[in-house]
Amino acid sequence: MTPILAATASTPAPFVAPHVEFGKLSPMLIVFGAATLSVLVEAFAPRAARYRVQVTLTLLALAAAFAAVIALHNVRTGVVAQGAVAIDKTTLFLQGTILVIAFIGTLVIAERRTEGGQDAFAAQGGSVPGSQQEREAIRAGWLTTEVYPLLLFSVGGMMLFPASNDLLTMFVALEVLSLPLYLVCGLARHRRLLSQEAALKYFLLGAFSSAFFLYGAALLYGYAGSVQLQQIAVAIHGNAHGSALLYAGVALLGMGLLFKVGAAPFHMWTPDVYQGAPTPITGFMAAATKIAAFGALVRVLDVALIGSADIWRPVIEGVAIITMVVGGVLALTQRDIKRMLAYSAILNAGYIIIALAATTTAGLAAVLFYLPVYGIAIVGAFAVVTLVRDSGGEATDLSRWAGLGKTAPVPAALLSIFLLAFAGIPFTSIFVGKFAVFQAALAGGAPQLVIVAVLASALAAFFYLRVVVVMFFSDPVPDGPTIANPSIAVKTALAVAALATIAMGVAPAALLHLSNVSAVLAR
């Protein structure tokens, strides 16, 4: 027998089944399983029953996944799923935070009373705005319940994103969390064309992010010979002088992740997306997407690239400064509440990046504290925006909010609580978060970032307080907006968000302790 034939006839290597720790992956599996079941509900459940079934299934899945996260807090952590996923204290903290935000966000997304029995989404997402098909769907009272499986798939991707231990898994998670959001951004019931424009811009923004991320991952694979984060760290440690592949890979990978956190100058169309998307989705994205993206950025920088901190730390510091300046200055010029909150989100991303630049455990703990307190406050702020309405839907122009504190004191007071927290007023949660961030930056040797952050905070206080002044110290406008009477679900979401914002400012010790003990990454 010739050598070629002998090689062909040789016995193939036996297949070895991968070992997957399903118990440690259970929070994500619950969410993805519920998302799949939710798709089946869309396919087979009667249209009249879909809304109740989907809302109930979504809330139960998020609660069950959160219970699974709590059950894992004493489990031995480490790398699982053949090295693809890292289950550690930081992962569990971020996953729990995402689930809490998603639960509160779902309560707001499910609201129907603000639209006369409808929700915030188009009656039929595939219909052309203003078409006969759309008018017939509205008359029939249809609801776009596809939002809920899309939401669950996105939450599952968000949970996997900061848990990913290799760049390919991280890329898959990035796409899973992003693609559903591109769709739901274009489903606003009112101002359909603006909503569809927002969806297109978000898709293009996400395409840039994915392209940069994937190209950077390819270059780092060429440098390290592996996409696993620990192997990349080993390769960097063995080559102290670096190389062109390393520098280019770090730059492109960082750009891809900075797009997702909304940092300047990579923010581009973020304010347009926030303005055009359905407001409940905007609040969910502003909180949950940022939490997931910062979690992934922390894992990449502090696990894979910690040995090259001298390369990326000056760049990260520069990005933090640019982000705070852009977010603070441009927020001053905004007359639309949603756009103002969008630039506020950019500004707050700059604060979090300050803690990342510290490259210390204290910096990681500050990031972990800041993300939930900011996320809860921003979801609450956008929930208030959904209640202020006029004939064209939501009244988001600042001039329409004049005198709102006199005509609708409760919504105005709730929004004031969130705005004062964003401004960093003492005895609010974000004040404590800023203090933790600034303390970590000073300990990490970056006083210049703290100086810029303090100046940006002073600037931000002006445009936050301007809204409060307009609401409480201006006369109501003739034919002003009406205030929707929300359901118990939205009232619960607002009450939880407001109480948490105050409670974590007055008594932050429990969350500070939890963020400190959770600042542990599997390396």
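**Cavity lining and a helix pair**

The lining of the largest cavity is made up of 10 nonpolar, three polar and two charged residues. The model is a predicted one, and a search of the whole structure gives four cavities of 30 Å³ or more. The largest cavity has a volume of about 180 Å³. It is lined by 15 residues, of which Tyr202, Lys260, Thr270, Tyr274 and Thr289 are the closest to its centre.

The largest share comes from H12, with four residues.

Further along the chain, another part of the structure shows how two helices pack. Such a pair is described by the angle between the two axes and the distance between them. Helix H17 covers residues 409-422 and helix H19 residues 447-473; their axes are 9 Å apart and the packing angle is about 160 degrees. An angle over 145 degrees counts as roughly antiparallel, and H17 and H19 are therefore roughly antiparallel to each other. The crossing of H17 with H19 is left-handed.

On the H17 side, the residues in contact are Ala412, Ala413, Leu415, Ser416, Leu419, Leu420 and Phe422. They meet Tyr464, Leu465, Val467, Val468, Met471 and Phe472 of H19. This contact consists of 12 nonpolar residues and one polar residue, with no charged residue.

Methods: Residues are numbered from 1 along each chain as its sequence is written. This is a predicted model: local features need pLDDT of at least 70, side-chain atom pairs count only at pLDDT 80 or more; totals for chains, interfaces and linings use all residues. Side-chain values use heavy atoms; hydrogens and water are left out. Axes are lines fitted to C-alpha atoms, for helices over the stretch in contact, and angles run from 0 to 180 degrees between N-to-C directions. Helices (H or I, at least four residues) and strands (E, at least two) are DSSP runs, numbered from the N terminus. Angles under 35 degrees count as roughly parallel, over 145 as roughly antiparallel, 65 to 115 as roughly perpendicular and the rest as oblique. A crossing is left-handed if the near helix is turned anticlockwise from the far one by less than a right angle, and right-handed if clockwise. Contact means heavy atoms within 4.5 Å. Ala, Val, Leu, Ile, Met, Phe, Trp, Tyr, Cys and Pro count as nonpolar, Asp, Glu, Lys and Arg as charged, and the others, Gly among them, as polar. On a 1 Å grid over the protein atoms alone, a cavity is a set of points where a 1.4 Å probe fits but cannot get out, and a pocket is an open set with protein on both sides within 12 Å along at least five of seven lines; lining residues have an atom within 4 Å of a point. Grid points are joined across faces, edges and corners, and a volume is the space filled by probe spheres set on the points.
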